[in-house]
Amino acid sequence: MEEKPTEISSSKMFGGYNRRYRHFSPTLGCSMTFTVYVPPPSSPSQKFPILYWLSGLTCTDENFIMKSGAQRAASGEGIALVAPDTSPRGLNVEGEADSWDFGV
């Protein structure tokens, strides 16, 4: 049975909500995180286009969300943001510490 993501933080910003979740990835065999910004809706049933931001191997889901200020623009344009962590962490993948650009 697939588990639902667990919300681990939430904050209101620019009229919308920035929420961070943890989930288990069966593909990677570990827990992963992702952050979602949902702008303020103009109606209860409003749907939003989504921008997916895939950070590099040495980044987490929080890098873009915390540093870019993209929520302000997303709020103004009515765009939802999804930023998954793109690297499994703490799995001791062979070679992960051999170079700065490979995940650790």
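Keep in mind that the model is predicted.

I will begin with the count, which is three salt bridges. One of them is between the side chains of Arg19 and Glu7, with N and O 3.4 Å apart. Arg19 sits in strand E2, residues 16-25, and Glu7 in strand E1, residues 6-13, so this bridge ties together parts 12 residues apart in sequence. Both ends are partly exposed: Arg19 has a relative accessible area of 26%, and Glu7 has 41%.

Now to Arg20. Its side chain meets that of Asp61 in a salt bridge, 2.8 Å from N to O. Arg20 is in strand E2 and Asp61 in helix H1, residues 61-67, so the pair links parts of the chain 41 residues apart. Are these two residues buried or exposed? Arg20 is buried because its relative accessible area, 17%, is under 20%. Asp61 is buried as well, at 0%.

Arg20 also forms a salt bridge with Glu62, where the closest N and O atoms are 3.7 Å apart. Glu62 is in helix H1, so here strand E2 and the helix are tied together across 42 residues of sequence. Glu62 is partly exposed, at 31%. Through shared partners, Arg20, Asp61 and Glu62 form one network.

Last, the threonine. Which side chain does Thr35 join in a polar contact? That of Asp61, at 2.7 Å. Thr35 belongs to strand E3, residues 30-38, and is buried at 1% relative accessibility. Beyond its neighbours within four places in sequence, its contacts include Arg19, Arg20, Asp61 and Ile65.

Conventions: Residues are numbered from 1 along each chain as its sequence is written. This is a predicted model: local features need pLDDT of at least 70, side-chain atom pairs count only at pLDDT 80 or more; totals for chains, interfaces and linings use all residues. Side-chain values use heavy atoms; hydrogens and water are left out. Helices (H or I, at least four residues) and strands (E, at least two) are DSSP runs, numbered from the N terminus. Buried means under 20% relative accessible area, exposed over 50%, partly exposed in between (1.4 Å probe, protein chains only). A polar contact is a pair of N or O atoms within 3.5 Å; within protein, one must be able to donate a hydrogen and the other to accept it, and residues adjacent in sequence count only if both atoms are side-chain atoms. Contact means heavy atoms within 4.5 Å. A salt bridge is a side-chain nitrogen of Lys or Arg within 4 Å of a carboxyl oxygen of Asp or Glu.
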